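Please read the following note with the sequence and the structure open beside it. Each point is meant to be checked against the displayed coordinates.

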Amino acid sequence: MLAVRVPKCEAEKTRRKLVELGVLAKGYAVKREGEFILFPVTEPVEGFELVEAEFKKLERRPHSYREVVEVPEGIKPLLPSSFDIIGDIAIIELPEELMEYGRAIGEAILKVHRHIKAVFAKGSKVEGEYRVRELIHLAGENRTETLHRENGIRLRLDVAKVYFSPRLATERMRVFETAQPGEVVFDMFAGVGPYAVLLAKKAKLVFAVDLNPWAIKYLEENVRLNKARNVVPILGDVRKVAGKVTADRVIMNLPKFADRFLREAMLSVKDGGVIHYYGFGPEEDLYSEHEAKIKAVARELGFKVEFLDERRVRPYAPRQFNIAIDFRVLK
Ligand SMILES: C[S@@+](CC[C@H](N)C(=O)[O-])C[C@H]1O[C@@H](n2cnc3c(N)ncnc32)[C@H](O)[C@@H]1O
């Protein structure tokens, strides 16, 4: 094919010029010839030495595991277009019909995403007080502990033993951005600490509670890893701690049951403090039910609430959303 031949020292300048002119042929490796570099071009270019040469075609790396997975054609439309990545572990949700091809799907993910070392399928919904799910090993290392990076912090965790969702990273950053320096924060359902360790960068003190001993073990490790010395990990039921702290900001990241802990949250926030409440709501009316519960608990306690912000955090199920409500408590 047609090529432009230039001395090595002019290679980069020439490459830029050819890209600018839109004549650099895509999908080929440039070629070295002694002290010269040859660029494949789609048409003659004025001002350059033109030669004829053969070029090696570059292999296009697949972007998705769906391009390389070996499953029958008929079921390909069922392949999920996305999956969660926590550290170097991938967790995919497969419909029943795809479970028998789990290994092939796992292998394809490993092939395309070189940084992923283990692939698991979701084996159940998030369940129980600890909010964990069963996982089914599909391919790669049979290991569930990993190191995840998010919002500039490092979190060690075991995906089989604790709750963790990388899909909440943006929401956590949003809460971080609304926080003020020097606050006392009360993270009621802390898990391995993605809120607590992040907020510790601004806060004076963060009380971080969880019922799951594994979550607290990893939280303690993450406090060390990130030198977040102002985080106080507390193992136990948050009901025993609530009311004993007075916080500027309370985080209630237990969307399934947060409404049951509103009393504890309001008793733990100072006058004028803010609560970040999470829940699930149907698309047609995301917030009303939660607002009503918040107002009812405030009334019972003789407090007032001021709603500051309401938002969808992420889709949860068909026509259901994980929602957030930020409100101020006036005592
Ligand atoms: C949805 S997870 C959220 C974890 C963490 N905030 C995150 O963003 O990854 C809820 C956490 O609350 C903990 N939990 C549930 N009930 C609790 C209770 N009564 N007291 C303290 N922690 C509780 C669970 O063990 C779980 O780790």
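The points below concern a predicted model and go from the division of the chain to individual residues and the ligand.

1. Domains. The protein chain is divided into three parts: domain 1 covers residues 2–52, domain 2 covers 65–143, and domain 3 covers 165–330. Between the C-alpha centres of domain 1 and domain 2 there is a distance of 43 Å.

2. Val30. This residue is found in the loop that runs between helix H1 (11–21) and strand E2 (31–33). Because its relative accessible area is 48%, Val30 is classed as partly exposed; the exposed class begins over 50%. Apart from neighbours within four places in sequence, Val30 is in contact with Ile37, Leu38, Phe39, Pro40 and Phe55. Arg15 is 15 residues away from Val30 along the chain, and the C-alpha atoms of the two are separated by 9.8 Å.

3. Helix H2. Which residues of helix H2 (residues 102–112) are buried? They are Gly102, Ile105, Gly106, Ala108, Ile109, Leu110 and Val112.

4. Two residues with positive phi. Most residues other than glycine have a negative phi. Asn151 is not a glycine, yet its phi is positive, at about 50°. The residue lies in the loop between strand E9 (145–150) and strand E10 (153–158). Asn151 has 24% relative accessibility and therefore counts as partly exposed. Arg319, also a residue other than glycine, has a positive phi near 60°. Its place is in the loop between strand E16 (304–317) and strand E17 (320–330). Arg319 counts as exposed because its relative accessibility is 54%.

5. Arg249. The side chain of Arg249 makes a polar contact with the side chain of His276, at 2.9 Å. When neighbours within four places in sequence are left aside, the residues in contact with Arg249 are Thr178, Ala179, Gln180, Glu183, Val184, Val185, Phe186, Val274 and His276.

6. Surroundings of the ligand. How many residues surround the ligand? There are 20, and the closest are Arg172, Phe189, Asp210, Val238 and Asn253. By class, the shell consists of eleven nonpolar, four polar and five charged residues.

7. A nitrogen atom of the ligand lies 2.8 Å from a backbone N or O atom of Phe189. An N or O atom in the side chain of Asp237 is 3.2 Å from a nitrogen atom of the ligand. For Asn253, an N or O atom in the side chain is 2.8 Å from an oxygen atom of the ligand. Taken alone, the ligand exposes 600 Å², and the protein buries 98% of that area. Helix H4 (194–199) and helix H6 (238–241) are the elements that give two or more residues to the shell around the ligand.

Key: Residues numbered from 1 in each chain as written. Predicted model: local features only at pLDDT ≥ 70, side-chain atom pairs only at ≥ 80, totals over all residues. Heavy atoms only, no water. Helix = DSSP H or I, 4+ residues; strand = E, 2+ residues; numbered from the N terminus. Buried < 20%, exposed > 50% of the residue type's maximum accessible area, 1.4 Å probe, protein only. Domains from an automatic or database assignment. Contact = heavy atoms within 4.5 Å. Near = heavy atom within 4 Å. Polar contact = N/O pair within 3.5 Å; in protein donor to acceptor, adjacent residues only side chain to side chain. Areas by Shrake-Rupley, 256 points an atom, 1.4 Å probe, with all protein chains shown as cover. Nonpolar A, V, L, I, M, F, W, Y, C, P; charged D, E, K, R; others polar.
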